[in-house]
Amino acid sequence: MKVIVGNEEAISRLIAEEFIQTIHAKPHAVLGFATGTSPLKVYADLIQANQEGKVTFQGCSSFNLDEYVGLEGSHAQSYRYFMNKNLFDHIDINKDKTHVLLGVGDYQSYMSHYDEMIEKAGGIDIQILGIGSDGHIAFNEPGTSFDSLTHETELAPSTIKDNSRLFHDISEVPTRAVTMGLKSIMNARKIVLIATGKNKAKAIYGLLKGPVSEAMPCSILRNHPDVTIYVDEEAYSLIR
Ligand code: GLP
């Protein structure tokens, strides 16, 4: 596992570059995207690179990690809305080839086919991850099986609290979500994780130094052959 420490701008640029190189090597690459505040600068860099003609997403398809149960794709806090607004609306990707788990309607049936859809598309070539303050990746909370595939889950109280900053009131935060499982994530060929800020320091410590345990979901990444962890000084502060 590689660890790169730098300020948010620098690490975001490096991650965007990893995506661009993956696409240059394989124009039909399957891209794994994440939501949250952490990848926003990476997406801004990808938009800029696309608009400057340095990369095209025309051949790519994508799969997102997770979605809140109960939110329509048109809801401002849904992850489909987030991806359209922060990336897909501004690049030349074919939106029909962008996949985000559904949170309403027949979402359970869609969820049950998700890993198969990823496999049929050829498997994820590069997956970006954020990390929760409790060490969750996607919405795999502490205690989730390392063998999990895409499933429905209940959010930890700390995650509901963390994510409430994006809602008007904590009572509006959904308590359930659908998420790629830990095994689904480990199936990606290459994984890049970004973490910035003090709030992530404990999780980064658990990821790099703690035991590999289902109590710390991100620790599973230590078993993956191609992971790079991009952190700023604050997220790395318990390691130094
Ligand atoms: C949510 C998402 C995760 C994300 C985490 C951290 O819980 N499901 O995929 O990694 O938030 O978000 P942020 O980057 O905003 O700190």
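**Exercise 1. Which strands do the buried residues of helix 7 pack against?**

Before we start, two notes on the model. This is a predicted model, in which local features need pLDDT of at least 70 and side-chain atom pairs count only at pLDDT 80 or more, while totals for chains, interfaces and linings use all residues. Residues are numbered from 1 along each chain as its sequence is written, and side-chain values use heavy atoms, with hydrogens and water left out.

*Solution.* 

Step 1: Find the helix. Helix 7 spans residues 201–208; helices (H or I, at least four residues) and strands (E, at least two) are DSSP runs, numbered from the N terminus.

Step 2: Pick out the buried positions. Buried means under 20% relative accessible area, exposed over 50%, and partly exposed in between (1.4 Å probe, protein chains only). Six of the eight residues in helix 7 are buried, namely Ala201, Ala203, Ile204, Gly206, Leu207 and Leu208.

Step 3: Look for their partners, with contact taken as heavy atoms within 4.5 Å. The buried residues of helix 7 pack against strand 1 (2–5), strand 9 (191–195) and strand 10 (227–231).

**Exercise 2. Take the salt bridge between glutamate 8 and lysine 41 and describe its setting.**

*Solution.* 

Step 1: Apply the rule. A salt bridge is a side-chain nitrogen of Lys or Arg within 4 Å of a carboxyl oxygen of Asp or Glu. The N to O distance for glutamate 8 and lysine 41 is 3.9 Å.

Step 2: Glutamate 8 belongs to helix 1 (residues 8–25) and lysine 41 to helix 2 (residues 40–51), 33 residues apart.

Step 3: Check the surroundings. Glutamate 8 is partly exposed at 27% relative accessibility, and lysine 41 is partly exposed at 33%.

Step 4: Widen the view. Glu8, Glu9 and Lys41 are linked in a network of salt bridges. The count for the model comes to 11 salt bridges.

**Exercise 3. Are lysine 190 and aspartate 125 buried or exposed, and what does each pair with?**

*Solution.* 

Step 1: Lysine 190 meets glutamate 18 in a salt bridge of 3.3 Å, N to O. Lysine 190 sits in the loop between helix 6 (182–186) and strand 9, and glutamate 18 in helix 1, so the pair ties together parts 172 residues apart in sequence.

Step 2: Lysine 190 is buried at 18%, and glutamate 18 is buried at 12%.

Step 3: Aspartate 125 forms a salt bridge with lysine 26, the closest N and O atoms being 2.8 Å apart. Aspartate 125 is buried at 8%, whereas lysine 26 is partly exposed at 34%.
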